[in-house]
Amino acid sequence: MSEVLLHCCCAPCSAAIIEWMLAHEVRPTLFYSNSNIYPHEEYLIRKNELTRFAEQQGLRVIDDDYDHAAWLCSVEGLADEPERGRRCLLCFKHRLLRAARTAQSLGIESFTTTLASSRWKSLDQINEAGLWAAEQATQAAPERPVTFDTRNWRKGGLQERRAQLLRANNFYNQLYCGCEFSLAATEAKRQSL
């Protein structure tokens, strides 16, 4: 069985991918690194849902340090960017670089992310960020190279299975990406309807 570090954003986006990996002889180590999520209570709700599912599957979850201030510094000046704009690319880079470095420290040669399962995210941005993160980590520690798996986690029936698992597990299903900027945009859109 091969091993991969799976950066997880939430249980709804992770469950079908985890299920697919286990069925295909891939053992994921789950990495919860989401300092973008605001407020902290929201971060904890999403983390607890992921942990609950991981425990059912007998999988390990590594909880990265929550450092919203550092994340804010990484996207400074981009508060007014739309979803899928430059702020999102820098957000992905921030989180996936942490994933790449964690994979290296664990001796895991490949990592990927559940962000690639969301139809609300740009696959091009996610892949750019993941490949960049792998390159940065490998350049810093060439004796422990890591690669980023650019698989499209929306295909092969995984979107439909995501919806089924969301209902079957009664997952908390958030209504915004995670950061205060996406929350504000979601609220503004809701009020305009």
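**Burial, cavities and ring pairs: definitions applied**

Colleague: Which residues does N36 touch?

Modeller: Leaving aside residues up to four places away in sequence, N36 touches H68, W71, C91, R95, G178, C179 and E180. Contact here means heavy atoms within 4.5 Å. The model is predicted, so local features need pLDDT of at least 70 and side-chain atom pairs count only at pLDDT 80 or more, whereas totals for chains, interfaces and linings use all residues. Residues are numbered from 1 along each chain as its sequence is written, and side-chain values use heavy atoms, with hydrogens and water left out.

Colleague: Why is N36 called buried?

Modeller: Buried means under 20% relative accessible area, exposed means over 50%, and partly exposed covers what is in between (1.4 Å probe, protein chains only). N36 has a relative accessible area of 1%, and therefore counts as buried. N36 lies in the loop between strand 2 (26-32) and helix 2 (40-57); helices (H or I, at least four residues) and strands (E, at least two) are DSSP runs numbered from the N terminus.

Colleague: What makes a space a cavity, and what makes it a pocket?

Modeller: On a 1 Å grid over the protein atoms alone, a cavity is a set of points where a 1.4 Å probe fits but cannot get out, while a pocket is an open set with protein on both sides within 12 Å along at least five of seven lines. Lining residues have an atom within 4 Å of a point. Grid points are joined across faces, edges and corners, and a volume is the space filled by probe spheres set on the points. By this rule there is 1 cavity of 30 Å³ or more. The largest cavity has a volume of about 70 Å³, and N36, W71, E83, R87, C88, C91, F92, R95, C177 and C179 line it.

Colleague: How do you know the make-up of the lining of the largest cavity by class?

Modeller: Ala, Val, Leu, Ile, Met, Phe, Trp, Tyr, Cys and Pro count as nonpolar, Asp, Glu, Lys and Arg as charged, and the others, Gly among them, as polar. The lining of the largest cavity accordingly has 6 nonpolar, 1 polar and 3 charged residues. Helix 4 (residues 86-106) contributes the most to this lining, with 5 residues.

Colleague: What volume does the largest pocket hold, and which residues lie nearest its centre?

Modeller: The largest pocket holds about 750 Å³ of space. Its lining comprises 28 residues, with S118, W120, L175, Y176 and C177 nearest the centre. Helix 6 (158-168) and helix 7 (180-192) are the elements that give two or more residues to this lining. Helix 7 gives the most, with 4 residues. By class, the lining of the largest pocket divides into 11 nonpolar, 9 polar and 8 charged residues.

Colleague: Why is the aromatic pair of W20 and W153 called edge-to-face?

Modeller: Rings of Phe, Tyr and Trp (its six-membered ring) pair if their centres lie within 6.5 Å; planes under 30 degrees apart count as stacked, over 60 as edge-to-face and the rest as tilted. The count by this rule is 6 aromatic pairs. W20 and W153 are 5.4 Å apart centre to centre with 75° between the planes, and the pair is edge-to-face. W20 is in helix 1 (residues 11-23) and W153 in the loop between strand 5 (147-148) and helix 6, so the pair ties together parts 133 residues apart in sequence. W20 is partly exposed at 25% relative accessible area, whereas W153 is buried at 2%.

Colleague: What makes the pair of Y32 and Y43 tilted?

Modeller: The angle between the planes of Y32 and Y43 is 55°, at 5.0 Å centre to centre, and the pair is tilted. Y32 lies in strand 2 and Y43 in helix 2, so parts 11 residues apart in sequence are tied together. Y32 and Y43 are both buried. Ring pairs link Y32, Y43 and Y66 into a cluster.

Colleague: How do you know that the charged end of R46 sits over the ring of Y176?

Modeller: The rule requires NZ of Lys or CZ of Arg within 6 Å of the ring centre and within 35 degrees of the ring normal. The charged end of R46 sits over the ring of Y176 at 5.2 Å from its centre, and that of K93 sits over the ring of W132 at 5.0 Å.
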